[in-house]
Amino acid sequence: KLVDINYHLDGYYMLMNDIDAAEDTTEWLSLANYQQTRDTNGLKGFNGIFDGNGHTISNLTPVSKAGGSANNVAPFGTIMKGGIVRNLAFTGLTLNNTIAGGIANMNFGTIENCYVEATFTAFHGGAGNASGGIVGKNRGSVINCIAVVTAGTETNIANFGGVTGVNNAVENSDELKVVNSYSIGSVDIVASANAGSADNNF
């Protein structure tokens, strides 16, 4: 199962077929949730390579921990500086509440060639919170990504971006960028705190 990635967060993984999460009653815990996971080597964020190989994961509603908590929800929790997620699509993705992202909550690494169709049902923005169609808080690179975003009626979009909610770094970094990416929906590509480069996006 994909959730077993949490035991080896620095591995190389390639998806070999499409997955319909509606056919699996197992709760999908966010992979590499920084606050909840720690693999056998002590890693808490994803530092490996996940290659979707052009496949799609559909009808997914991730939770941050067992029991259905909706805080910090995304297919991946945190992608670390050396981590790469690429060539992956999500359709019918449902994300609930505070901090959420179509691929990851927080990205220090690289998200490339990804496609997301997601509904954010009840995001409530506040200080420090951010959500985005691809990533909530980007501190790495987002390249060649598309997000089709639907915001629910209870969604506060103050810190909600079509591609990324926040695009900034703890320190100056040439790796901080959003390139050739766009969103379809009623929210800006980058919602706030854009301290990095954002080129050829629409």
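Is Arg86 buried, partly exposed or exposed? Select Arg86 and check: its relative accessible area is 23%, so Arg86 counts as partly exposed. Keep in mind as you click around that this is a predicted model.

**Stop 1: the salt bridge.** The structure holds 1 salt bridge, so you're looking at it: Asp51 sits in strand E3 and Arg86 in strand E5 (residues 84–95), and the pair ties together parts that are 35 residues apart in sequence. Asp51, at 7% relative accessible area, is buried.

**Stop 2: Leu60.** Now hop to Leu60, which you'll find in the loop between strand E3 (49–58) and strand E4 (76–79). Its relative accessibility is 1%, so Leu60 counts as buried.

**Stop 3: an asparagine pair.** Next, pick Asn167 in strand E14 (residues 164–167). With a relative accessible area of 0%, Asn167 is buried. Show side chains here, and bring up Asn138 too: the side chains of Asn167 and Asn138 make a polar contact at 2.7 Å.

Stop 4: Tyr12 belongs to strand E1 (residues 12–14), and its 49% relative accessibility puts Tyr12 in the partly exposed class, because exposed means over 50%.

Conventions: Residues numbered from 1 in each chain as written. Predicted model: local features only at pLDDT ≥ 70, side-chain atom pairs only at ≥ 80, totals over all residues. Heavy atoms only, no water. Helix = DSSP H or I, 4+ residues; strand = E, 2+ residues; numbered from the N terminus. Buried < 20%, exposed > 50% of the residue type's maximum accessible area, 1.4 Å probe, protein only. Polar contact = N/O pair within 3.5 Å; in protein donor to acceptor, adjacent residues only side chain to side chain. Salt bridge = Lys/Arg side-chain N within 4 Å of Asp/Glu carboxyl O.
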